[in-house]
Amino acid sequence: MKPNHNALNTPAKKLCAITAVTAAALTLTAAAPQSVTTAFTVQESPTWSQIEALKGQPEIKAQQVDALKAAADKLSVKAEEARAVANAATAALVDAVYELPDPGALDEASRSASAAEKLDTIAGTPAVNIGGPSTGMLTSTVATADTNHGTTAGETAEAVTPEERVKLAAETQQTAEQEYATAQVEAAQVLAQIRFLAVDGQDPSYFQRSVDDAAHRVASEAATRLVEQKTRKQAEEAARLAAIEAARWQNPGKGRISDVFGPREIICSDEGCSSPFHRGTDVATGCDAPILAARRGTVVYADYDGTHGNFVLIDHGDGLQTGYAHIAPGGFLVYPGQQVSTGQQVAISGTTGASDGCHLHFEVYQNGNLIDPQPFMAAMGSSIG
Ligand SMILES: [Zn+2]
């Protein structure tokens with residue numbers, strides 16, 4: 001049996017070969033620009049192999065460069081828009097977190113923050129996978145982002161609850177960051193293709209490296225922004241909680257109100273007589289009951305004080321002070337100069353001074369003047385007794 005290299009001499013194969021040669025000759029003969037254009041479609045997102053095929057077609061190459069430049073411009077605009085949306089969403093996110101009604105709602109903010117962490121992956125993925133000739137992966141990423149991109153910063157501001165605002169702002173930001181990263185990497189790919197078309201005899205991988213560099217840069221920038229955003233959110237949240245804590249007032253002692261602020265009979269004991277005007281609110285705590293700081297502050301007095309008996313005075317700043325009278329002998333739990341927190345026990349109730357039974361005599365000073373504690377505490381969102 002003869003080897004197959006003679007197979008081409010069979011009539012059928014010979015005919016095929018002739019047909020192919022003729023077809024090639026016809027294509028070359030009819031190489032008008034229009035017919036070549038149909039052979040190589042000018043694209044905004046060509047593959048590397050398509051780009052490489054254009055290198056021997058100067059006229060089409062020029063058209064492709066123009067198309068790529070237009071694509072690069074569009075991607076640049078898209079990236080700028082996405083960045084602006086992401087920045088606005090970041091600001092909205094911080095605002096929304098700041099307006100969360102209570103610390104319990106912070107769980108939602110934490111979940112949003114962890115969603116934002118996915119940006120690391122999104123930005124990092126192109127850096128790993130960009131080496132291939134196709135932009136299909138990037139295109140699908142953009143398609144996903146477009147589908148999800150129903151939320152704008154404006155809509156976020158109109159959301160009903162703070163929790164929803166946090167969620168929407170986080171989602172908007174994530175989507176915009178994703179679009180930004182994708183546009184940046186796609187732009188890098190397009191620019192690399194333009195440069196590749198401009199030179200002869202270069203390995204495409206040389207140009208793909210600049211795409212990889214862009215992807216790494218985008219990932220690194222995303223990670224940096226994420227850290228900055230987290231830090232900012234944490235600082236905002238700490239400030240918010242500190243403000244809540246600073247503003248918080250609480251009931252200084254438990255029991256029924258046994259006497260209110262205002263004129264009343266004089267009470268005398270071995271230690272003196274009380275004023276004809278009752279300058280505080282009495283709470284029937286009973287003996288040895290806890291007396292709590294109504295608000296955080298600094299203890300400015302903790303000692304015997306005439307008709308007050310054993311007396312603690314706390315300065316809260318803002319021109320406000322609170323006093324706690326008739327404390328039990330040895331019932332001081334704080335000392336002058338000590339910082340106390342809201343609700344911290346400062347003393348034990350008793351009946352020292354001008355008192356006829358164990359109770360807390362609670363006073364509020366505003367700019368040095370005694371005021372009625374009950375309406376004041378009510379205004380501060382706290383009860384007495
Ligand atoms: Zn009193």
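Predicted model: local features only at pLDDT ≥ 70, side-chain atom pairs only at ≥ 80, totals over all residues.
Which residues in α8 and α9 meet? In α8 they are E177, A181, Q184, V185, A188, Q189, A192, R195 and F196. Their counterparts in α9 are P204, F207, Q208, S210, V211, A214, A215, V218 and A222.

## Overall make-up

The protein has 385 residues, and 34% of them are buried. Ten helices and 14 strands are present.

Contacts between residues at least 6 apart in sequence can be sorted by separation: 70% of them join residues at least 24 apart.

## Helix α8

Helix α8 covers residues 162-198, which is 37 residues. From its first C-alpha to its last it reaches 53 Å, close to the 54 Å expected at 1.5 Å a residue.

Most of α8 is covered, with 30 of its 37 residues buried. Two of the helices that pack with α8 are α4 and α9.

## α8 with α9

The axes of α8 and α9 are 9 Å apart, and the angle between the helices is about 160 degrees. Angles over 145 degrees count as roughly antiparallel, so α8 and α9 are described that way. The crossing of α8 past α9 is right-handed.

## α8 with α4

The axes of α4 and α8 come within 7 Å and cross at roughly 160 degrees. The two helices are therefore roughly antiparallel to each other. Here the crossing is left-handed, as α4 passes α8.

By class, the contact of α4 with α8 comprises 26 nonpolar, seven polar and eight charged residues.

## α4 with α9

Helix α4 spans residues 58-98 and helix α9 spans residues 204-247. They pack at an angle of about 25 degrees, and their axes are 9 Å apart. Because that angle is under the 35 degrees used as the limit, α4 is roughly parallel to α9. The passage of α4 by α9 is a right-handed crossing.

On the α4 side the contact is made by T90, V94, V97 and Y98. The α9 side contributes Q229, R232, K233, E236, E237 and R240. Three nonpolar, two polar and five charged residues make up the contact of α4 with α9.

## D66 in α4

D66 lies in helix α4. Is this residue buried or exposed? D66 counts as exposed, because it has 12 C-beta neighbours inside 10 Å and the limit for an exposed residue is 12 or fewer.

Q43 is 23 residues away from D66 in sequence. In space, the C-alpha atoms of D66 and Q43 are 9.9 Å apart.

## G262 in β2

Strand β2 consists of residues 262-263, and G262 lies in it. G262 is exposed, with 9 other C-beta atoms within 10 Å.

Which residues does G262 touch, not counting those up to four places away in sequence? They are F277 and H278. G262 and T281 are 19 residues apart in sequence, with 9.1 Å between their C-alpha atoms.

Conventions:
Residues numbered from 1 in each chain as written. Axes fitted to C-alpha atoms, helices over the stretch in contact; angles between N-to-C directions. Helix = DSSP H or I, 4+ residues; strand = E, 2+ residues; numbered from the N terminus. Parallel < 35°, antiparallel > 145°, perpendicular 65-115°, else oblique. Left-handed = near helix turned anticlockwise from the far one by under 90°. Contact = placed C-beta atoms within 7 Å. Nonpolar A, V, L, I, M, F, W, Y, C, P; charged D, E, K, R; others polar. Buried ≥ 20, exposed ≤ 12 C-beta atoms within 10 Å, placed from the backbone. Expected span 1.5 Å × (residues − 1).
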